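Me: Please take one part of this model and look at it closely, following its neighbours across the chain boundary where that helps. I would like the cut-offs stated as you go.

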Amino acid sequence: MYQSFNTQSGAAVVAAAVAAFPISSGPDGLQVDVSGLSLPVTTTIPDRLFNWLIGLRLLKNVPLTYLVPDSSLLPAESIRFFNIDPTWVDRIVDGVFSAANTGTVDITYSAAVLASVRAALDLGLQNLAKQQVSTSTWTVANGMTGMLVRSDLVTRWPDMIVRAYAGATESTAALPVLRAEPISQNVLIAIFAGTPVLVELREPHVGVRFGLETETDVPNEYGYIPRDLTTGLDTGANPSWFTLPASRVIPLATIGSDARTVAIRLMRPPYIQQFLNTVAESRGSENPPPVIQLTRNHVANVGALNARLAALRIVGQS
Amino acid sequence: MASELYQVYSSFTPLIKSGDTAEIDVTEVLSTTDVTETKATGTMDLLHTSGGSVKIVVQGPQTSLTEDDISGVYPAPSSTDSPDNFLPHIALTRRTLPWERRGPADNTVWLALLVINANDLLISESPIGPVAQQVPAQPAATATPAIAALTTVPAAKPAVTSVSTEKAVTPTAAAASGGTAEQLPPIRYSVGSITPQSMQVQDLAKSDPATHTQLLTIPGITDTLQIQAINIPAATLKEILPSAANLGLLCHVKEVVEDSVKTYTSIVVSGRLPDAGDMTTTPPLTHAALLVSLEHRDDVYQRLDKGGAIQLIVLHYWTFVPSKGGDFEEVCQMIGYHPNGGVLRFGNIPSAAANPSTSLSGGFGSLLDNSGYLVTPLDHAEAGNVIWRGPLRPFPPPPRSNGFAVRADPEEFANAPPGAQLDYSHATAFELGRLLAVADASVREDLRQLHMSFNVPSRFVQMSALPPALQQPYWGIDQGQSVDQAETQMDTAAEQPWSLSGSQSMIGLQNAAGSGEVAGFSAAAAQAFQSSVTSVIGAQAPVAAGGATQLDFGSITEAGLAEQFPAVVNAALAGGN
C-alpha cells in the first residue's frame, strides 16, 4: 500500500555508493571504475536497445564526419583500411546511458549498469562473430579492424560481397565480417572481427550474365572466355579475340554451333578483387601506365583515367 | 564464384506447340480380376470396351508477357551503368516458351531480344526520291549542301528529326536534267520511338500492310487484338536481327539445383552489344531491349532488302543506358592509380610525404599521426590548444580502458593551465552518444525502462513505520472497532482533512520512547521550532488533548509565508540553545 522509503538522505546514499565505485577525474570526465565489483542488480536490456547498442559498437548511426573528419582522408575512388579504437566507441555507449540520468544518484547506479551492459555487448559481438563463422574464437579483446571504400564500386555494385581471411589464401580460416554495407551513395564500410591478412571484394552474383571480354587497346576487339563445355569451368586460356562490326552484333557462328556452347562461352562469372596485408602499400599516387593489364590479357581503359586527370587539372587551374 | 549448381540446355521443346490443336486418343477397358472368369493371361476383358478422342489446344503467351512470366532481366530497367560489353538478356519462368511457337521458319524459335537506340531508327533517303537513284553520282568535291532540299521531303514521310550535314553524293533533279550539278544531303528521319507503341492489329493496315496481312495469317491474332509494336527500319533489322537459323543460338534453358529442388528458366540473350560510345564527348544513348515475336514472320526476312520499316510485335521491353565505366575488375584496378585515391592505410593520402621521416607508412603523406590525431587540427571555436581524433586509427589502438565515463566535461578542461593541450576526442564521443539517444524515441523509452530496474536504493523501511502523523487515514476497520465507529472516523477525516487527531503533534516530535525528542534536536529547540511554525501558519494551540488541531489558513500572513525554512530552523536552534 505504501511506497518504499529510504531512511538515508540522498547525500548519504551517494556517499555510500561513491565509496563502492571509485570515481576519478580523467580525460573522459568523471571516470568510474567498477571492475571487480559485484553488481547490486541484475537487469535485462530490452532487445531493441541491445541491437541498437550493438550497432553503435559497429559504428552504425555514427555520422560519417566523425569517422572521416576530412574528405582528404577518403578521396574519390579510394579504399582505406583502419583499426577501431574500442575506448572511443565505449564512450559513445557511456553517453547513451547518461541521457537517462537526472542526478548524481542516477550517475552512480548507471555506472554499475554500464559494466554489465558493456559485458553484454561484448558477448553480443562475439555471438555475432560466431553466427558469421561458427568456428570463430574471436573476442573483443582481439580488436576490430575495417575498410572504407569510396568508389563507383559502391554506386554500381552496392551489394558487393566482402570476405576476410586469417591467412593469405581463401583456404585459411575465414574472419567474421561483422558489418559490410553502404553508408552513403558511394561509401561502403566493412568491419572485421580481428585483423585479416586477406580481404576480398566480390562482385555480387545477381544471377547469370552474358558478355564478352574487352581488348580496350584494340578498338572493337572482343573475345569470349574459353570454358570446358562439360564442366563449364574456365580453362584459363586466353580469350579468343574477334573484331565486332560497327553494329556490335556478335559473331554467333564463331562463338559456338549450338545454344548451350554459346551460353557457356558468353557467361561472365563474378570478379573477385583481393587485398593482402602482406603487400606493402605501393600504389595510390602513381600515374597510370600506358597499359593497365587485367586478367586474361585484356587491359583497362586508361583513357578514362587520363580524361579525369585532365579535368581535375582544369579545375585546379581555374 | 557463384556456388549454385546449374546445367545448361540448348532447348526445351514442348510436345505440342502453343496454339496448336492436338488430339488425344482415349481407350477405356473395363476388366475384372474375378478368378472364376480369369483367363490364362491373368485378367479378362469384361462387358465393355470403348474409345474416342479428345481435342485440346495448348495456350501460352503470344503477344505479351505478364510479370509472372518473367524471372528477371539484365541490365536493370532504367539503369545507367551497365558495362557495354555485357549482353542484355531476359529470363523467363516458362522453360519451353521460346520453342512453343513456330518462328520465321520451321524448327526455329519465335522470340528474339533486340537492342536498339535512337540512331537505329533513322532512315537515310535521297530528298528527291527514286529519280535521283538513276543519276550517276557526282564527285563529292563539287558537292554543295543545300538545306533547301528539305522542302522536297515527301509529304507521306514522318516528321524530319535530324538532317545530316555530311556532303552527300546524291545528285539533284537539276543535275539529272543537265543543269548545274548541285548535291543535296540525304534526309535522315526517324521511323519512330525506341519504345513500342500500343495499337490494335488493324492499325497496321495503313502503316505496314505487309505486316498486317502476315499477322492475320497467324492463329490467335485478329484485327482487334491489342498489341505493342515497334517500327524498325529494314536496313537496321538486316544488321541486327539474327538469321532464322541463328535465332536458336541465343535461347537456352538453365536448370538450377538448390536443396534438391530443380528450377528451370529459359533465357533469351541479345545478339548485339549495347554501345556507350566513347563517353568523353557525348553521353551514351538510351537503349531499349525489346523481346519481339517472330512467330510466322517469314515476311520479315524477305523484306530486309526492300527498304522502309517493318513493324514487330513486342512482348516485353525495358530501357537502360550503357556505360563504358568498365566492369567490376576494371573499376577495382583503377582505384590504385592517380588521380584516384589508391588503396592505403587510413590517414595516408595518395601523394608522397614532404618529409618521409614523418610518413605513417609507405612514404605517403598523411593527415593523421600514429595515434589517429589530426596533424593539422580542424577549425574550431574552442579556446586553447584542442586535439581530436575519431574512432578510426591507422594503427592498432592501446589497450581498452576499463573505466566508464559519467560526464562529458572533464574537470581539467575548465582548470587547465593556459595553452595546455586538451583532448576532446572522448568528450565528443560521449556527447555523440547522448545526442543519438535523445534523438531516438525508442531508445529513450528503452532507457527509461532499464533505468527503472536499477535505480532502486537499498536499506528500506516501510512507510507504515512512520509516525501516524505523517500517514493518511486508511479506509478500514480497526480491531475491536464497530462499523459505525469506523464510519464516523472516516467522515471526520473527510470533513477535516487537515486536522490532526487527538494527541498528535503536527511536527511529529515523538521518538520511539515517546519522549518527544528526536536525536540531535533538543526538546527546547523542537518547542521553539513548533512555535515558529505555529506563528507562520496561524495554528492554535499545537496540541489539544482529545481534540483536533485546527489550522486557520485565513490567518496566514504574507510575512509569515516569506519566512524561509532555514530561518525557521535557525530560529528553532537559537531558541533551543
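Reply: Ile79(A) stands opposite Val149(A) in strand 5 of chain A, and this pair belongs to an antiparallel pairing in which six bridges connect strand 4 of chain A with strand 5 (residues 144–150) of chain A. Strands pair here if DSSP finds at least two bridges between them, while the elements themselves are DSSP runs numbered from the N terminus, with helices (H or I) having at least four residues and strands (E) at least two. The model is predicted, so local features need pLDDT of at least 70 and side-chain atom pairs count only at pLDDT 80 or more, whereas totals for chains, interfaces and linings use all residues. Residues are numbered from 1 along each chain as its sequence is written, with chains lettered from A and ligands numbered from 1 in the order in which they are written.

Strand 4 of chain A also pairs with strands of chain B. It runs parallel to strand 21 (residues 342–345) of chain B, to which four bridges join it, and there Arg80(A) stands opposite Leu344(B). With strand 25 (residues 392–393) of chain B the pairing is antiparallel and has two bridges, Asn83(A) having Arg393(B) as its bridge partner.

How many of the seven residues of strand 4 of chain A are buried? Seven of the seven, residues 78–84, are buried, so this strand is largely enclosed by the rest of the structure. A residue is called buried if 20 or more other C-beta atoms, placed from the backbone, lie within 10 Å of its own, exposed if there are 12 or fewer, and partly exposed in between. Ser78(A), Arg80(A), Phe82(A) and Ile84(A) point one way from the strand, while Ile79(A), Phe81(A) and Asn83(A) point the other way, and all are buried.

Further along chain A, helix 4 (residues 86–98) packs against helix 9 of chain B at an angle of about 45 degrees, with the axes 6 Å apart; the axes are lines fitted to C-alpha atoms over the stretch in contact, and angles run from 0 to 180 degrees between N-to-C directions. That makes helix 4 of chain A oblique to helix 9 of chain B, since angles under 35 degrees count as roughly parallel, over 145 as roughly antiparallel, 65 to 115 as roughly perpendicular and the rest as oblique. Residues in contact have C-beta atoms, placed from the backbone, within 7 Å, and among those of helix 4 of chain A that meet helix 9 of chain B are Trp88(A), Ile92(A) and Val96(A), with Phe430(B), Gly433(B) and Leu436(B) included on the facing helix.

On that facing side, the buried residues of helix 9 of chain B include His426(B), Phe430(B), Gly433(B) and Ala437(B). An α-helix has 3.6 residues a turn, so residues three or four places apart point the same way. The 15 residues of helix 9 (residues 425–439) of chain B should span 21 Å at 1.5 Å a residue, and its end C-alpha atoms are 21 Å apart, which agrees; the expected span is 1.5 Å times one less than the number of residues.

Most peptide bonds are trans.

Key. Two residues are in contact if their C-beta atoms, placed from the backbone, lie within 7 Å.
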